[in-house]
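Colleague: I have not seen this one before. Please show it to me, and then we can go through some questions.

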Amino acid sequence: MLRKTLKTIAIALMLSVIAIPAQAQRRTVRYLANYENEPYHFGFLLAYNQMMYTIKAVEGYQNIALPANSWPGTVPFNIANTQSLYVYNIETKQTPGFTVGILGSKRLGRYFDLRFIPTLSFSDRQLKYDIAILDKQGNTEMKHLEKAIFTTFVEFPLNIKYRSKRYNNIGAYVFGGINPKLDLASQKKNTIYLLDEQGEPILDEDGTPITIINNLVTKRFDMAGELGVGFDIYNQWFRLGIEIKMSYGLLDVVKRGSNDKPLIYTAPIEQLRNKMFQLSFLFE
């Protein structure tokens, strides 16, 4: 009896597996049937992004004593009574932004496409610092400093897309490539002289006044590597692509003052690299 029951269940499952695709095929209209065979496609992109930094900190930066005048802008302490400053912690905070762009795609093979997607990306990032202020009496006071960095990237992503075999009106894909980018909002240098406690310029070994950048200034050009996954959804009018990607900057983008005399912004940073998460909607 048990054997007969199991046999009946097995036959029913086999019939279900055969019947479901057949029914789905009868009900589903295959839109844009020859779309993948066309040599070129064009469209546009709308995306949500989150920009951040990857920070490689200087080893033992918490033990680096900085002069009182290394705090940029208006200081919340008495400079004359301050012995030194110490950065105890630095971290990055991502904020939401958006991206717009145009898309050009060239068919390379049955499952491969070459894509070029010039875009404009808008966002800002924040660096948060925890700073210990040591006065001349040996007392310590903790302060917090936040630095917002506004960014407008002109990007030129070039990547290879590998598509799966299309099932009805849905297909999956993965992609990867490089992304040269230019930051139009990169801040200009704000170079000043490094002063001692008496307000006199500090000189280097050659007698030249030492200059510093009184800001966190990033370089305009960067190169990023990108990886992502997505889905293509076909209808009678266009193909909609929904994808997510991660972009990792390959270059150190922080600028420093002359003679390697950094301020609080740059003292704990050995390398600063761009990083971005993006959720995109592509209309082709």
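**Burial, pairs and strands**

Colleague: Is Tyr-129 buried or exposed, and what is its relative accessible area?

Modeller: Tyr-129 counts as buried. The word means under 20% relative accessible area, with exposed being over 50% and partly exposed in between (1.4 Å probe, protein chains only). The relative accessible area of Tyr-129 is 1%.

Colleague: What kind of model is this?

Modeller: Residues are numbered from 1 along each chain as its sequence is written, and side-chain values use heavy atoms, with hydrogens and water left out. Local features need pLDDT of at least 70 and side-chain atom pairs count only at pLDDT 80 or more, while totals for chains, interfaces and linings use all residues, since the model is predicted.

Colleague: How many aromatic pairs does the structure hold?

Modeller: Rings of Phe, Tyr and Trp (its six-membered ring) pair if their centres lie within 6.5 Å; planes under 30 degrees apart are stacked, over 60 edge-to-face, and the rest tilted. By this rule the number of aromatic pairs is 8.

Colleague: Which kind of pair do Tyr-35 and Tyr-234 make?

Modeller: The ring centres of Tyr-35 and Tyr-234 are 6.0 Å apart. Both residues are buried. Their planes stand at 80 degrees, so the pair is edge-to-face.

Colleague: How many residues apart in sequence are the parts that Tyr-35 and Tyr-234 tie together?

Modeller: Helices (H or I, at least four residues) and strands (E, at least two) are DSSP runs, numbered from the N terminus. Tyr-35 lies in the loop between helix H1 (2-27) and strand E1 (40-57), and Tyr-234 lies in strand E11 (residues 221-234). The pair therefore ties together parts whose separation in residues is 199.

Colleague: What is the angle between the planes of Tyr-129 and Tyr-265?

Modeller: These two form a tilted aromatic pair, 5.8 Å centre to centre. Tyr-129 is in strand E5 (residues 119-135) and Tyr-265 in the loop between strand E12 (239-249) and strand E13 (269-283). Tyr-265 counts as buried at 8% relative accessibility. The angle between the planes is 55 degrees.

Colleague: How many of the residues of E5 are buried?

Modeller: E5 is mostly covered. Of its 17 residues, the number buried is 13.

Colleague: How many bridges join E5 to strand E6 (residues 140-155)?

Modeller: Two strands pair if DSSP finds at least two bridges between them. E5 also pairs antiparallel with strand E2 (residues 82-93), over 10 bridges, and with strand E3 (residues 95-107), over 4. E5 and E6 run antiparallel too, and their number of bridges is 16.

Colleague: Which residue in E6 is the bridge partner of Phe-122?

Modeller: On another side of the pairing, Asn-89 stands opposite Asp-130 in E5. The bridge partner of Phe-122 in E6 is Thr-152.

**Charges and surface**

Colleague: How many salt bridges are there by the rule used?

Modeller: A salt bridge is a side-chain nitrogen of Lys or Arg within 4 Å of a carboxyl oxygen of Asp or Glu. The count is 10.

Colleague: Which residue forms a salt bridge with Arg-166?

Modeller: The closest N and O atoms of this salt bridge are 3.7 Å apart. Arg-166 lies in the loop between E7 and E8 and its partner in the loop between H1 and E1, so parts that are 130 residues apart in sequence are tied together. The partner of Arg-166 is Glu-36.

Colleague: Over the ring of which residue does the charged end of Lys-181 sit?

Modeller: Lys-181 counts as buried at 3% relative accessibility. Lys-181 also forms a salt bridge with Glu-155, the closest N and O atoms being 3.2 Å apart. The ring, with its centre 4.7 Å from the charged end, is that of Phe-153.

Colleague: What is the relative accessibility of Leu-32?

Modeller: Leu-32 is in the loop between H1 and E1. Leu-32 has a positive phi of about 45 degrees although it is not a glycine. Leu-32 counts as partly exposed, with a relative accessibility of 26%.

Conventions:
A charge sits over a ring if NZ of Lys or CZ of Arg is within 6 Å of the ring centre and within 35 degrees of the ring normal.
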